[in-house]
Amino acid sequence: MDSSSFSSIEYLANEIKKELFSNQDFNTFVTQTSAYDTAWLAMIPYNNQEANGPMFESCLNWILSNQNEQGFWGESNGENLPTIYSLPTTLACMVALKKWNVGESHIRKGLKFIHANVGTLLKENSQRFPPWFTIVFPSMLQLAKAQGLEIIVVNGSNGLSSDVFLKKKALLESDQKLNDVRVGKDQPLLAYLERLSYSDNYIANEEDEVLIQLCEEDNGSLFQSPSATAQAFMATGNKKCLQHLMSIVQKCPSGVPSRFPGDEELKLLCMIDNIQRMGLSQHFEKEIEQILDQVYRNYQMNLQNNEYLLSSQTSDLPERLFKDSLAFRLLRLQGYKINQGSFCWFLHQPQINTYIEKNQQHFTYVMYNVYRATDLMFNGESEIEEARSYSRIFLEKSVMNNDYLSVLPALQKVIKHELNVPWMARLEHLDHRMWIELNQSLPHTFGKSSFYWLSYLQNDKLTQLAVQNYEYRQSIYRKELEDLKRWSKEKGLVDIGFGREKTTYSYFAGAASSSSFLPYESFLRLVVAKCFIVITVADDFYDEEGSLSELQILTEAIQSWDAKNLDGPSKVIFEALDDLVCDVAKMYHIQHKIDITPQLRHMWKETFHSWLMESLWSRTSNLPTRDKYLEVGMISIGAHVAVLHAASLGCPSLSSEMLGPINGAYENITKLLMATTRLLNDIQSYQKEREVGKMNYTLLHLNENPGGHIEDSIDFVKEILVDKKKEFLENVLMDGFNDMPRTMKLLHLSCLNIFNMFFNSCNLFDTKEAILEDIMRAIYIPLDQNEQTPMPPPPKPLPPMLPPQLKKIKKNIEIPEVNACLNEKNFKHQVGSMGFGINFVGRQAPKNYNSFGWSTKGFASQKLRSCFL
């Protein structure tokens, strides 16, 4: 691998650690500048006297240095196009410049933008103006005109502007109490102080007792809003307001945020979540552990004081629920024992539910995180089940009525992905890519919009590190896949003449499901892939190709581990298997000076024996009981074989006794994996297996209940699966159930992810192009190329798979001819009931979406498709 790329990643990660985890630079690193609030601080005169010039020159200079090329300041979408929030922000910035008679060219450019875009932006949002905009825009228009700026609203926009003024009037009249802070942070009218004018029948001055009291109580901050606090100071001269404003500029000298002070613990949680979701956790393991340990101690203290219940009554409802659900997910993933009530407190409080319903725009991203928290549900957690249903219904409505999501199409895609594809049916490497792409497409600023917390994600250095890290992994995956293909070819598995093509699928699934916890260079990925290749080939031989006599001879050879009586496919299978077992045993012996060959062979012996048992049942029409079938089927599915082989090498503290049941039984977590993967298979493959005369658990249940329907049997198995998955997840995440090292438990989870991915009805590859596109995104296409990747002409048959060396300067990569291993001859054999052949019977993915929620409609160019057809 390229050592310079690795060194660059390590250097950048260390630089980020210095900035990110030093108290001095933390706010600068994670806090995004609000042009709107910065403009209001820039308006403040020194000593509150106009003749003295601006008090905060750095804010004025920031405005001069940060005008968009198109002439606006403030929020833009992922394509750097202005949103409706940019209108009042641009007006505020021009007012600040005009007040101090600087930036004439900036003002001209800003006016040109306003005149050219106000009509379009108002029309696009006329059906539902955001509340913040409804209050702010009219006030900024009035303030700009009062400052002498000539704002001309043309092209039929006068009527739309009048609508905004009328809606502002109605909004103000609907709130009777200026100091009613209990209805939510964004709602109290005093939180919009700088936008209230004489026409709104509210004048702030030094005699305003309510305003002075709020400033005194909140240590000079008015609702954590720098813009409102700036106006409060200019109106009252309150010293605490001034001290607070000065502290903001001191901590954020390069422009101020839209809220200050923020919840520092929430910022840290958002940072950890972002690091993990971009696939960077391995670079910050110690820091993540330290932060979450402190968060958990705080949680326990709040729990003792019952504060997490009281918090639901504060004015910070969206932020509190967002924080609690995010903390629950991060802590539970890390293995901390945390109660479901830590974030489900909102469910049974009618006042809170009513508020959520009335203010949906403030809760879209909140409910997205509530829904994600419910992924980590254990048995008996009924409140989490209820929270999952509640948040899912909420998000489905939000996606359907996407007024508030329209400004963030990438986030809308992420939410749809969350709803369409279960967490356990996703491959984390591709999830990392999607989240990196979301980071790349976020607006430059969020102002005071409902997605304010997304501003914590915006950091160019972290995104740069994530891109380098992802593409470095891709380069490793390409090399390993080429090595694996060479091994399959040398062992005769590619040309064996029957069954499903397996090399690329097996490697893709294993690598993409383990990128967060396996190091860059890891033989474990190849071990997992080789296990699944052998399992798939051998299973096909037992299911389709071999005669009963051949199967018995091969099974006997495996039991004695002697290939002298084998020939043809049987010999190919045995020799590939023996090579795999010898490699794993040799590497384990180097590490531990212990020979685990007997344990490894035992796993394969019982697996081959289980395949023979199933073949005998099928060919002799003998029906086993459901219990007997499951006992055999848990072994024949082969999931434990791949996991335990890889775990033997990836877990230094793993004892050899955990590798097999020679002197006992498999660990419960392994048995749960075996049962769950078998049942997942059996609710999807029953139709094909019934056609060829095979039995599975679903069909056996139907056979034992002759008056029932197949749908009833499927529901019966699904109910078992739901409970088993919850129990399995608890065994993976929590201590006390087994003595397995964390890496080994995560290997179990990644294996279940793979089976869920291939067998989940919402997550299927219904076309060859769909899986190819995901393989390309996972292994070959760099992040900044996406579907614009230049394609080579249609290939000749069976060209070499690995592309030439990357040309880093042009950021261009030639796409390999993946169809060499996924051609029509092989692809038609993908229908199967085992391993990584994909079963398409009776299943269809969502129209125009592949397995990871990416639209296949228009994704690949015609040239790309021609390479694989």
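Helix α5 is largely enclosed by the rest of the structure, because 13 of its 14 residues are buried. Here, buried means under 20% relative accessible area, exposed means over 50%, and partly exposed lies in between (1.4 Å probe, protein chains only). The structure is a predicted model, in which local features need pLDDT of at least 70 and side-chain atom pairs count only at pLDDT 80 or more, while totals for chains, interfaces and linings use all residues. Residues are numbered from 1 along each chain as its sequence is written, and side-chain values use heavy atoms, with hydrogens and water left out.

Helix α5 covers residues 86-99 and reaches 20 Å from its first C-alpha to its last, close to the 20 Å expected at 1.5 Å a residue. The expected span of a helix is 1.5 Å times one less than its number of residues. Helices (H or I, at least four residues) are DSSP runs, numbered from the N terminus. Just after α5, Asn101 takes a positive phi of about 55°.

**Nonpolar cores**

A nonpolar core is a set of buried Ala, Val, Leu, Ile, Met, Phe, Trp, Tyr and Cys residues joined through side-chain atoms within 4.5 Å. The largest such core has 183 residues, and those touching the most other members are Phe346, Met367, Tyr507, Trp604, Phe608, Phe728 and Ile779. Helix α24 (residues 523-545) gives the most to this core, with 14 residues. Contact means heavy atoms within 4.5 Å. Leaving aside residues up to four places away in sequence, Met367 touches Leu321, Phe346, Ile356, Tyr390, Ser391, Phe394 and Leu395. A second, separate core of 57 residues includes Ile63, Leu87, Leu111 and Ala144.

**Salt bridges**

Side chains of opposite charge can pair when their charged atoms come close. A salt bridge is a side-chain nitrogen of Lys or Arg within 4 Å of a carboxyl oxygen of Asp or Glu, and the structure holds 30 of them. The table lists some of these pairs.

| Pair | N to O distance |
|---|---|
| Lys461 and Glu19 | 2.2 Å |
| Arg259 and Glu319 | 2.9 Å |
| Lys694 and Asp543 | 3.0 Å |

Lys461 and Glu19 form a salt bridge. Lys461 lies in helix α22 (residues 460-490) and Glu19 in helix α1 (residues 3-20), so the pair ties together parts that are 442 residues apart in sequence. Lys461 is partly exposed, with a relative accessible area of 31%, and Glu19 is also partly exposed, at 22%.

The side chains of Arg259 and Glu319 meet in another salt bridge. Arg259 belongs to the loop between α11 (239-251) and α12 (264-277), whereas Glu319 is in helix α15 (residues 317-333), so this pair ties together parts that are 60 residues apart in sequence. Both Arg259 and Glu319 are buried.

Lys694 forms a salt bridge with Asp543. This pair links distant parts of the chain, 151 residues apart, with Lys694 in the loop between α31 (686-691) and α32 (697-704) and Asp543 in helix α24. Lys694 is buried, with a relative accessible area of 14%, whereas Asp543 is partly exposed at 29%.

**Cysteines**

A disulfide is a pair of cysteine sulfur atoms within 2.5 Å, and the structure holds 0 disulfides. For Cys59, the closest cysteine sulfur is that of Cys252, at 9.8 Å, which is too far for a bond. Cys59 is buried at 1% relative accessibility, and Cys241 is buried at 0%.

Definitions and conventions: Helix = DSSP H or I, 4+ residues; strand = E, 2+ residues; numbered from the N terminus.
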